[in-house]
Amino acid sequence: MDDDAGAGPRRASRGRGTPAHRTTADVTPTSSDALSRPTDTPGTRILISAAVETMSEKGYNGTSVRDIADRAGMSPAVLYHYFGSKHDLLVAIMHRTIDHLIERCEAVLAGAPPDPARRLRRLVREHVLVHTELRREAVLGVGEMHSIEQRERALLIAKRDKHERMFHRVVNDGAASGAFGTPYPSEAVRGILTMATGVSVWFREDGPLTAAEVADRFGHLALALVEADPGA
């Protein structure tokens, strides 16, 4: 199965009088359009949104295909025209979420100056912003990894490791140049990622801080963790 296996529509007849799906306005969208791809059909987008909502509320094991189909305004049979199984739907959500995270962080580093402190601050800030925008998707990605079959889990872990290597490179470069004083660069990266990823659990749009404010503060905390110059 590829990164988005089962996401394309399948040619099959449906029962007479059974609607293919609601319109996109009938189902609450995912946290942003980040999971959408140009080749998606409206049905694919609606099913992904419905699955994120339902699995976030009930958990993967507590969610049935009928639960997702009902939320999407489809019959369970129609759902199988788009995805081979509930598992395939979760896999697609996870792959799309980590792909979006990697793309955003790579873009930030590509445009960042060479100074390690500024690169780390921008990288942490982008990581936090994505986790405030895709809170439910991020929580599913962490909490339901054990529900993914071994082959797909290995692919997802490889992508997660690719993302982590960006942080290791920046912190290691800073430590090697003397810009960061920490004697424990690997542990510092683990601490930064744990702290920054946890934002998805507690952040709320109606909270006392905006997403940008939280991201800025976590960038500052990350620099403290690697013992960077406080004025960096």
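Predicted model: local features only at pLDDT ≥ 70, side-chain atom pairs only at ≥ 80, totals over all residues.
Start with the overall layout. The protein chain has 10 helices and 0 strands, so reading along the sequence gives the pattern α-α-α-α-α-α-α-α-α-α, with helices and strands taken as DSSP runs. Of its 232 residues, 46% count as buried. Among contacts with a separation of 6 or more, 74% are between residues 24 or more positions apart. The accessible surface of the protein chain comes to about 11,400 Å², and carbon and sulfur atoms hold 52% of that.

Next come the charged pairs. The count of salt bridges comes to 14. One of them pairs aspartate 99 with arginine 37, with the closest N and O atoms 3.1 Å apart. This pair links distant parts of the chain, since aspartate 99 is in helix α4 while arginine 37 is in the segment before α1 (42-58), 62 residues apart. Aspartate 99 counts as buried because its relative accessibility is 15%, under the 20% cut-off. Arginine 37, by contrast, counts as partly exposed, because its relative accessibility is 25%.

Aspartate 99 also meets lysine 159 through a side-chain salt bridge, at 2.9 Å from N to O. Here too the link is between distant parts of the chain: helix α4 holds aspartate 99 and helix α7 holds lysine 159, 60 residues apart. Both aspartate 99 and lysine 159 are buried. Through shared partners, salt bridges join Arg37, Asp99 and Lys159 into one network.

Helix α4 has another charged residue to look at. Arginine 96 forms a salt bridge with aspartate 40, and the closest N and O atoms are 2.7 Å apart. Because arginine 96 lies in helix α4 and aspartate 40 in the segment before α1, the pair ties together parts that are 56 residues apart in sequence. Arginine 96 and aspartate 40 are both buried.

The largest pocket holds about 570 Å³. It is lined by 22 residues, and the closest to its centre are Ile98, His131, Val142, Arg160 and Thr197. Two or more lining residues come from each of α4 (86-110), α5 (116-133), α6 (135-143), α7 (150-177) and α8.

Helix α8 (residues 185-197) also carries leucine 193. With a relative accessible area of 10%, leucine 193 is buried. Leaving aside residues up to four places away in sequence, leucine 193 touches His127, His163, Glu164 and Phe167. Take glutamate 164: leucine 193 is 29 residues from it in sequence, yet the two are 8.0 Å apart in space, C-alpha to C-alpha.

Tryptophan 202 belongs to helix α9 (residues 199-202). Its relative accessible area is 45%, so tryptophan 202 is partly exposed.

One last residue has a backbone angle worth a look. Most residues other than glycine have a negative phi. Glutamate 227, however, has a phi near 60°, a positive value in a residue other than glycine. Glutamate 227 lies in the segment after α10 (211-225). It counts as partly exposed, because its relative accessibility is 47%.

How values were computed. Residues numbered from 1 in each chain as written. Heavy atoms only, no water. Helix = DSSP H or I, 4+ residues; strand = E, 2+ residues; numbered from the N terminus. Buried < 20%, exposed > 50% of the residue type's maximum accessible area, 1.4 Å probe, protein only. Contact = heavy atoms within 4.5 Å. 1 Å grid on protein atoms, 1.4 Å probe; cavity = no way out; pocket = protein on both sides within 12 Å on 5 of 7 lines; lining within 4 Å. Points joined across faces, edges and corners; volume = space filled by probe spheres on them. Areas by Shrake-Rupley, 256 points an atom, 1.4 Å probe, with all protein chains shown as cover. Salt bridge = Lys/Arg side-chain N within 4 Å of Asp/Glu carboxyl O.
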